[in-house]
Amino acid sequence: MMKDLLEYKGVIHVHTAYSDSSGRMPYAVECARKTGADYVIIADHNTLQSRREGWEGWHDGVLLVIGVEVTSVKGHALVLGLERCGGWRHAHPDVYLPQVERLGGTAFIAHPERTHRGKLFRRPQAWPNLKTQCYVGIEIWSFMHDWIEWAFPWHPIAGVRNPGAGIVGPHPEVLRQWDQVALGRHISGIGALDAHERRYPIRRLDWSLLKVLPMEHLFRTVRTHVLTTEWSGDAGADIATLGRALAAGRCFTAYDLAGDSTGSRFFARRGGKVALMGDEVTRGAALEFVATVPREAEIALLRNSEVIAAGTGSELVHHDAAPGVYRVEAHLGGKPWVFTNHIYVR
Ligand SMILES: [Zn+2]
Ligand SMILES: [Zn+2]
């Protein structure tokens, strides 16, 4: 089965001039082309105007997907597959997420970190204590939020000159809560940028520093690699295939600026059967868990948030029969690098 799947990499949660960023669609496509991204998921705040204007689809070998960031004072969500949106600016996710689902949308909780490191800002965030189950996953890592915690307000110049210097990876508490939720239900994890680029940065002081980061640079940082059947060139079909893979958790998140993670895999074998990221396996005889990465790295296999096997190399193999949620983290030269979705042993 795994041999039928191809790997596509792309960037998720990109703002454009349709909301509060300065890049336009052709520019986003050009940045994707220059950085080797196969797909870009646009998520402007509370608007799908670019979709109505026909931007969704294939452009120059790049699959442009127009989602939306439902931007409510009670918590944000990245939503795919909606034709229209609106009226949710003050709605709680418990209210708007079921409505999103009824309208045919697929929701991921956006940047679920509750606080910034410096505790200077607090974002309202309802996850993981939502009553609704009407979301398929979360952004496990949002590059912009990782960056701004370090860069603002103490390292603004260094942050602009060398944006990667203070990056620490997914918030440990988000990962722990993600594992907790995964013990009870299927929940996908994706990597996001929350890319805001601004060429005239002085207008509003609070976001100004954030927006000077150029889109092309951001597209080289946190990318989500999906495993799917080969894309056909039919935009509607390919967007559906991509959406299903993201919702299923058949993907991993990687900081490709530290090193190209293409080819990384995490799977489990028992007898002749193979389970991939996002798959559920029935408990029973021991499974052989295999993690591979394309370069020598520090690889860790976790079950229910606990590291159960670790080593340095390009492969890690471990046998285990215990039920729980298994996933892999790899660090490259001390930098956060690859974060896979779970394999669920129930
Ligand atoms: Zn947001
Ligand atoms: Zn955003």
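## A core residue and its surroundings

Leaving aside neighbours within four places in sequence, Ala77 is in contact with Val70, Pro93, Leu97, Ala107, Phe108, Ile109, Ala110 and Tyr135. The model described here is predicted.

Ala77 also belongs to the largest nonpolar core, which has 99 residues. The residues with the most contacts inside this core are Val40, Val65, Ala77, Phe108 and Leu193. Strand E14 (residues 287–303) gives the core its largest share, 8 residues. The core draws at least three residues from each of domain 1 (2–255) and domain 2 (265–345).

## The chain as a whole

The protein chain contains 9 helices and 18 strands. For 346 residues, a compact globule would have a radius of gyration near 20 Å, and the 19 Å of the protein chain agrees with this. The C-alpha trace spans about 60 × 45 × 40 Å along its principal axes. Buried residues account for 48% of the 346 residues. Of the contacts between residues at least 6 apart in sequence, 69% join residues at least 24 apart.

## Strand E9

E9 pairs with two strands, E1 and E10. The table gives the pairings.

| Pair | Sense | Bridges | Residues standing opposite |
|---|---|---|---|
| E1 (residues 6–14) and E9 | antiparallel | 5 bridges | Tyr8 and Val226 |
| E9 and E10 (residues 251–255) | antiparallel | 5 bridges | Arg223 and Ala254 |

## Helix H1

Which residues of helix H1 (residues 25–35) are buried? They are Met25, Ala28, Val29, Cys31, Ala32 and Thr35. Seen down the helix axis, these residues fall within an arc of 160°, so they line one face of H1. Pro26 and Lys34, on the other side of the helix, are exposed.

The buried residues of H1 pack against several elements: the strands E1, E2 (39–45), E3 (57–59) and E4, and the helices H2 (49–52) and H8 (215–218). Gly36 follows H1 and has a positive phi, near 75°.

## Strand E4 and Ile66

E4, one of the elements against which H1 packs, runs over residues 62–72 and includes Ile66. Is Ile66 buried or exposed? Ile66 is buried, because 26 other C-beta atoms lie within 10 Å, where 20 or more are required. Apart from neighbours within four places in sequence, Ile66 is in contact with Ile42, Leu48, Ser50, Arg51, Trp55 and Glu56. Between Ile66 and Gly169 there is a separation of 103 residues in sequence and 26 Å in space, C-alpha to C-alpha.

## Backbone features in loops

Most residues other than glycine have a negative phi, and most peptide bonds are trans. A few places in the model depart from this.

Asp60 is a residue other than glycine with a positive phi, near 55°. Asp60 is found in the loop between E3 and E4. With 10 other C-beta atoms within 10 Å, Asp60 is exposed.

His111 is likewise not a glycine, and its phi is positive at about 25°. Its place is in the loop between E6 and E7. His111 has 25 C-beta neighbours inside 10 Å and therefore counts as buried.

The loop between strand E6 (106–109) and strand E7 (137–142) also holds Pro128. Trp127 and Pro128 are joined by a cis peptide bond, with omega about 10°.

Key:
Residues numbered from 1 in each chain as written. Chains lettered and ligands numbered in written order. Predicted model: local features only at pLDDT ≥ 70, side-chain atom pairs only at ≥ 80, totals over all residues. Helix = DSSP H or I, 4+ residues; strand = E, 2+ residues; numbered from the N terminus. Buried ≥ 20, exposed ≤ 12 C-beta atoms within 10 Å, placed from the backbone. Contact = placed C-beta atoms within 7 Å. Rg over C-alpha atoms; globule rule 2.2 N^0.38 Å. Pairing = 2+ DSSP bridges. Arc of directions from axis to C-beta. Core = buried A, V, L, I, M, F, W, Y, C linked by C-beta atoms within 7 Å. Domains from an automatic or database assignment.
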